[in-house]
Structure formats: C-alpha cells, structure tokens
Amino acid sequence: MGHGISKDENDDSSSSESKSSRISRLKQKLHLHSGHHHYKHGSTSLSHKLHAAEDFTGVAFLTLIGAEMKFKDKWLACVSFGEQTFRTNITDQTEKPIWKCETKLLLEKNGPRVARISVFETNRLLKNNLIGYCEIDLLDFLAQDSDSGFEIFDLLDPSSSDKVVGHIRLSCSIEDPMETEKGFARRILSIVDYDGDGNLTYSEFFKLIDAFGNSAAVSKKKELFEAADRNRDGVVSMDELALLLALQQEKEPIMNCCPVCGEILEVSDKLNTMIHLTLCFDEGTGNQVMRGGFLTEKEASYGWIFKLSEWAHFSSYDVGLNSGSSASHILVFDRKKRRLVEELIDGKIVLSMRAIYQSKLGLGLMDKGAKELLQSISERQGKQMNSVESAKDIPKFVEFFKDQINLAEVKYPLEHFKTFNEFFIRELKPHARPIASIEREDVAICAADSRLMAFKSAQDGQRFWIKGRKFSIQGLLGNEISSTAFVDGTLVIFRLAPQDYHRFHFPVSGTIERFVHIPGCLYTVNPIAVNSKYCNVFTENKRVVSIISSADFGKIAFIAIGATMVGSITFLKKEGDNVRKGDEFGYFSFGGSTVICIFEKDAIQIDEDLLENSCRSLETLVSVGMSLGVSTKKRGEAALPNLDNCVLVE
C-alpha cells in the first residue's frame, strides 16, 4: 500500500499511544478542540465516539488529481469502497493523466475503511486493461500530518505487488459534522423556503415537519418551532434549523426516512443519519464528480460493447441470486477489505454452464451420457495436470488471476513446481493464515479460502441459495450416517474457485470419528449450477463425509465435495486422530470444489455479517482462519445417544 500508510484491517500490533495520537489528529482536523461548535450534548458527543469506537464517522472527500504512468495511453481510474465503485472520465493520450475528479465516501462504525484505486488503460472496443492499483486506509490517511494538501501513492502491478508501475496523486479531507448538518439544513431549507428569504415561516416549517413523515413530530410541530426559533423573531433561520436537527437527532429524531431516497434511517445512528441526508442532498463542489452506480471496478471499467450487451440483457450486474442471462457475473463480498469484487471466470465457460445447468435440455443431455463424459474429461484432465508438460501453464494461470493469487504467500517459488497440479495444491508460508482466537476452543474458524454461505438451517439454505429440488441433509450425508442430529442444524458452504489455495483445514478442535466415501457425479459447484432448479449438485456429486466430535460444538459433519475436473480428494488425517482448529485436513486436486460443514441444532452462533450476506444471496470471500462463529453449547454437554440401530440382547 502506497507509502505504507495503509494497514491490514486485522493488524492489532499498533500501540495504544499511536491510536490515541491518530484520534487526536482527527479531532484537530475537525477543530473539536476549539470548543466553538454546538455538537456536544451529553455523553454522545463526537469526541466521545472517537475514543469509544476507535473509528471515525463522517464524510470523506476523496479527489483523484492525476497520475504518472510509464507509457502513453488514454486512462481512467476507479475507486472501490464497500459496495460502491466510482469512475473518472477518460483522459486524452498521455503518460501524465489529469482527472481532478472527486467523490464522497461515508466512513461509519464497523463499515469499510480501505479504498482501492485502480488505473486502467482504455480500449473502448473490447475491454480496458488494469495496469496498477493501490489500497488506502482512509482513516490512517486522514490522520496523517501533511502540509502539501495531497499525497502520492505507488501504483502496484496486479501480478506482482513488489513492482511499481506508476504513481497517483490524490487528496482526502473530512467535513466537520456541524458543517454537514448546516449543509443539509441549507439544502432542505432551499426546497421549502417558498419566498426565498433564507428563513422558514411558521407554515413553511410545518410543511417541512409533515414531509419527514414522523407522526410524533407532527403532533409537536408548535413545540418544535418554538424550540428552533431561539431568537424569538418568528422565523427559523438556517443555523437555527441545523441546530434543531442536531439536537433532535441526539434526543428524539424527527426524521424516520430520507425524503430523497426513502431509505429508513436508523434511530440509534444519529450522526450517520445526518451524513446520509447530506449525501442525498449533495450539491457538489467545483470539481468534476466521479460517475457512480457501479458495483465493482470491472463493471466500471468496461467499454461500450459491454454497455450494449447490458442494455440487451445479455449481461447484467446485481447482488444476489441470479439466473439465466443475469448469471454472467458472480459478485462476492470481500470480508477482509469490505467491498464487492467480481469473480474471474472465462465468458465461454459461463455460457456453457448456463446452457447445461439452467435448462431442461442441458440436464436432459446429462441423463443421456453427459455425466459419464464429464467423468472421462475430469480423469483425462487430471492426468494432463500431473504431467511435466503442464508446468508451462502455471505462468498463464497466475497471469489470468493476477489480482487474486498472492505469490508472496506461497511457500515455494514457481520454479519449484514440476507439474500444474503441484502448484494447484500449493502450500502457504507459516502464519500466512492466522487463526482467529486461537486460544479459544469455543470459536470456530473458516475451513477454506473460499466464497462462504451460512444458514441457520437447511430450509434457509434452500430459500436463499440451493435451488435443487431434491436437496436434503440425509441426501447430502448418504445412507451410512444418521442425519437425526443434523436435520435442523446450521449449514455452512465453502465454495473454492480454481484460483484459491486448495487445502482445507479443521474449523474446530476435536476427534475424527469416521470417514464415509460416497461415489457420484462431477458437476460444477459454480453458483450457476447450485442455483439451478434442474440440478442437485451437492447430493449427486462425489464426496467424502467425515464426522468430527468436539467438546465445544458437539458433532460436526465435514463434507468434502468433488467437482468438474476434481478427480481426487486427499486427506492428511485418519479416523481416531485428535486435531486442533486450523490444522490442515486435506486438499483437492485441480478444479473447483466445495466443503460443507453441518453443525448440530443450536450448537453455533454464526457471525452476523456472514448470515446477513447469505440472506441477501451474497457469498462472502473468506480465508482460512477467519472467525466463523461461537459455540452456544455448554462445554462437555452430552448429546442423547442415537438408538436408531440399537439391538436389545438378553
């Protein structure tokens, strides 16, 4: 990250002194030390929020000024932050593009704080090529001492993070909360101030309160007007309106929803409410404003051919469960960086998967021998990927996924791998995947680098994600394992894509009780197939079910599922082994694949962010070792014995 000012969101190594100084610098930038603002009221002042939350809440003004690149071209830049992406205009042919484009970003408690800035060379006919990027922790950036008014950041090569391909110049500032409130008051006053004198009369003020849609406030209109009219001149000025709104947001909010976009405003989040309203009423500054409305930088960087296909509905972008032509782009939420990213997948493969898995005709072909064909292809491809000749494909594979494979984490250099499969099942360096709460056995972790979906029950999974008509827990576990303990249990799906680290790990500590191998097909585990009502991927694919007994979570069913091109699932542990969470369990050979964990009912409380995304049919990009959830069972709590196969003897 440019100039080292951005830091990993999971990095807890900074001292309390540096945290304190960072907060102090933020407060200085807000002029809170001068005491001339009216924002403090009781214990919920912004000063208190900064100390208590250890993160700033406010509007950040980010301006991309220009860049210096190593060759001439027409350039555009994108800013990705949370679930929003913005793009600049395209410059003329130059090696020193100038944009002077700005956007506003909302920094809020527990929200995203790292902005990714990507620079593309443009090719309007086909696609624009990503040349360099940087990731900036806005909170750290804002807390820096700087006299220049801007900072220069290195642009890194997507395929090699230690190679600099250019530099970008940008500035970032924050708006004083009181100025935010005044700005909102000024903008809303201009709408209801019918005579244009800059003040609200009694009748104008009443119409404004009515527009806020709060019945309690409507019943107190006269009382509110008298509270606002501090100088008793019979009208409410802009400053008086701003102060009233600030005071009421602290005590008893008078706005239930945004009068612009209609979004419901959180009563408990006073400052963010005011910021939201200000952004909706934004009048802009003198600079060119970045174009918004994009979900990912890939969408924002597309040329006119994509826009034409989107208009014709051959391609579209949306969060959630999509099918047919809308399934062309798979969006996932990056948990670490707290933003939407698009999964890389070849367009021809997408079209073929849609043709096979989302139509009766395609699945009809499966019933007429295509399953055997997939099996044959997978076996043949597996042999090819184990050949010495396959090693030449490694650099091309790394280049295609250059922004999603971090070679710095890989245990050995590329020259070490003699076949493609050796690289595919690559090991990582020690500590590349830190384990969350390693000292606590009651905290479960993510079992794989993957796209995760988590549901409190299989029924929720079928409602939001798994559309195969024949899916069931018993069908997933097979006939040899009783599903009684797992029928109403929590379901967690870890979907691995080809570019991922393909070794899977134990989510909890415990003992391996048994393995059951279940033969089956090799359908793809891509959402295009999982979301198909014509296909039953998880219950028909080849899989291995293992049962892990844990003191903190009871029994866990751990299912490793093969997929297209995955002919081999290798385990590194055996029945009876005692294991610790984070230990390596096994690996998949070439292809995409999936791990499913089923916990007993009421055994685990899954982390809220994972459940929220899953209820939106949005996969969460996670890494091995990230927190999954906390045990809700009492340690040592014994389950009732299974009497299904009990035989009485005299």
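Reader: What makes E18 and strand E24 a pair?

Author: Two strands pair if DSSP finds at least two bridges between them, and E18 and E24 (residues 584–588) have three bridges, in the antiparallel sense. Strands here are DSSP runs marked E of at least two residues, and helices are runs marked H or I of at least four, numbered from the N terminus. Across this pairing, His 505 faces Glu 584 of E24. Bear in mind that this is a predicted model: local features need pLDDT of at least 70, side-chain atom pairs count only at pLDDT 80 or more, and totals for chains, interfaces and linings use all residues. Residues are numbered from 1 along each chain as its sequence is written, and side-chain values use heavy atoms, leaving out hydrogens and water.

Reader: Why do E18 and strand E22 stand at the edges?

Author: The open sheet has three strands in the order E18-E24-E22, with antiparallel pairing. E18 (503–505) and E22 (569–571) each have a single partner strand, so one side of each lacks a neighbour in the sheet. On average, neighbouring strands of this sheet are turned by 25° against each other, direction ignored.

Reader: Why does Asp 73 count as buried?

Author: Buried means under 20% relative accessible area, exposed means over 50%, and partly exposed lies in between (1.4 Å probe, protein chains only). Asp 73 has 13% relative accessibility, so Asp 73 counts as buried. Asp 73 sits in the loop between strand E1 (58–69) and strand E2 (75–81).

Reader: Which residues does Asp 73 touch, not counting those up to four places away in sequence?

Author: With contact meaning heavy atoms within 4.5 Å, the list is Thr 91, Asp 92, Gln 93, Thr 94, Glu 121 and Thr 122. Asp 92 is 19 residues from Asp 73 along the chain, and their C-alpha atoms are separated by 7.5 Å.

Reader: What makes a group of residues a nonpolar core?

Author: The members are buried Ala, Val, Leu, Ile, Met, Phe, Trp, Tyr and Cys residues joined through side-chain atoms within 4.5 Å. The largest such core has 35 residues, and among those touching the most other members are Leu 452, Val 492 and Phe 494. A second, separate core of 31 residues includes Ala 77, Phe 81, Leu 138 and Ile 174. In soluble globular proteins, nonpolar side chains tend to be buried together.

Reader: What share of the protein chain is buried?

Author: Buried residues make up 53% of the 650 residues in the protein chain.

Notes
Axes fitted to C-alpha atoms, helices over the stretch in contact; angles between N-to-C directions.
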